[in-house]
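This report describes pockets, helices and selected residues in a single protein chain. The sequence and the structure are shown first.

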Amino acid sequence: MRPGFTHPCRAVLVVFDDSASETVANLTSHYRRPGNEEAARYWEEIRLVAPGRSVHQAMSAASTVVLPGLPVQTWWPGAVAFDGDLYNRVAEISDRILLDSSCLREPRGGLAALAGAIDVAHESVAFGDLSWSRLTPWRVLTAELFDHPADQDMLDSIERVNVEYSRSAGANELVQALLYVGWLASRLGWEPRAALEEVPGNWRFWLVDGVRPVEVRIARNDRPPSADIKPTPGLRSVSIEAEEDGHHASYLVERTGAGDEARTVKRDGTDLEGRAHMPRQDETDLLQEELGGFTTDRIFVDSLNVVVGLFADNRR
């Protein structure tokens, strides 16, 4: 269990297996020798295997073996049913729930349910989302494109945003594109007005910045960047266009190469191009980062609420 290397812990793994006849618990202790100027690490793993019908029994058992006085962070792999008994029991014993919204079965309804769960929790339970964490380098590179005061002035003149993403077999990376749009809109004060699904996975949104219309397109693009390189799942490129008093400017962030590099381009009469590292973090890397947090990111909540607003009934 790699997260234990960074965060010594007692990990309680609850597995529901319909082939199991009764609930069984196993305890394993782990130790890593000191080395490379690092102290020795210890952590424990308690594995509870229970029949699917024994949700209450299994979660009651899990609640008795958590360490008192320490925060309980729950990693929920796969889709979450926020209206189910299992979720309610997990929320009762957790201080923070970590999930990956790209695994939600249906992005529109799933993200709305997640927003509702965060609202109902009233901060008694915090939330972390690996899909949101994957957007960190994209948000940083986008913000850096507008560091110069002249570019900051163009933020109020954005007219079009285009977002491309690639999908993987086991997730729906459309969620990342939606959260990116939600982040941009929430930071700039855009309000949703209408939405149209042009083809499955491709969306067109209309928002307003005060009275100025802003058009956003999200498109799926699974084409390989080259014959020998597969596309990296997740965001692929973001382009932003702004115009004010005849002055046009465009800004681009795109993943390049084997997927661990990014190219940024700013065009406003002159071309300025840059290169940046774009880390491809796997699930374990993201979990190790998230286990260091204890609260819900309020910017994430703001962005999520904008996404829910994009799909409001009267905007379909």
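Asparagine 172 counts as buried because its relative accessibility is 13%, where buried means under 20% relative accessible area, exposed over 50%, and partly exposed in between, for a 1.4 Å probe and protein chains only. The model is predicted, so local features need pLDDT of at least 70 and side-chain atom pairs count only at pLDDT 80 or more, while totals for chains, interfaces and linings use all residues. Residues are numbered from 1 along each chain as its sequence is written, and side-chain values use heavy atoms, with hydrogens and water left out.

Asparagine 172 sits in the loop between β7 (158–166) and α8; helices (H or I, at least four residues) and strands (E, at least two) are DSSP runs numbered from the N terminus. Beyond its neighbours within four places in sequence, asparagine 172 is in contact (heavy atoms within 4.5 Å) with Ser102, Pro107 and Arg167.

Of the 15 residues of α8, 13 are buried. Just after α8, glycine 189 adopts a positive phi of about 75 degrees.

Two pockets are compared in the table. A pocket is defined on a 1 Å grid over the protein atoms alone as an open set of points where a 1.4 Å probe fits, with protein on both sides within 12 Å along at least five of seven lines; lining residues have an atom within 4 Å of a point. Grid points are joined across faces, edges and corners, and a volume is the space filled by probe spheres set on the points.

| Pocket | Volume | Lining |
|---|---|---|
| Largest pocket | about 1,100 Å³ | 30 residues |
| Second largest pocket | about 380 Å³ | 19 residues |

Nearest the centre of the largest pocket lie Ala11, Val12, Gln73, Thr74 and Trp75. Its lining receives at least two residues from each of β1 (10–16), α2 (55–65), β4 (73–75) and α3 (85–93), and β1 gives the largest share, 7 residues. By class, this lining holds 26 nonpolar, 3 polar and 1 charged residues; Ala, Val, Leu, Ile, Met, Phe, Trp, Tyr, Cys and Pro count as nonpolar, Asp, Glu, Lys and Arg as charged, and the others, Gly among them, as polar.

For the second largest pocket, the residues nearest the centre are Arg134, Gln176, Pro233, Gln281 and Leu286. Two or more lining residues come from each of α6 (136–145) and α9 (283–290). The lining of the second largest pocket comprises 7 nonpolar, 5 polar and 7 charged residues.

In α9, the buried residues are Leu286, Leu287, Gln288 and Glu290. Aspartate 282 caps the N-terminal end of α9, with a side-chain oxygen 3.2 Å from the backbone nitrogen of threonine 284.

Two strand residues complete the account. Arginine 263, in strand β13 (residues 261–267), counts as buried at 19% relative accessibility. Its side chain is joined to that of glutamate 254 by a polar contact of 2.6 Å, that is, a pair of N or O atoms within 3.5 Å; within protein, one must be able to donate a hydrogen and the other to accept it, and residues adjacent in sequence count only if both atoms are side-chain atoms. Valine 24 belongs to strand β2 (residues 24–32) and, at 38% relative accessibility, counts as partly exposed.
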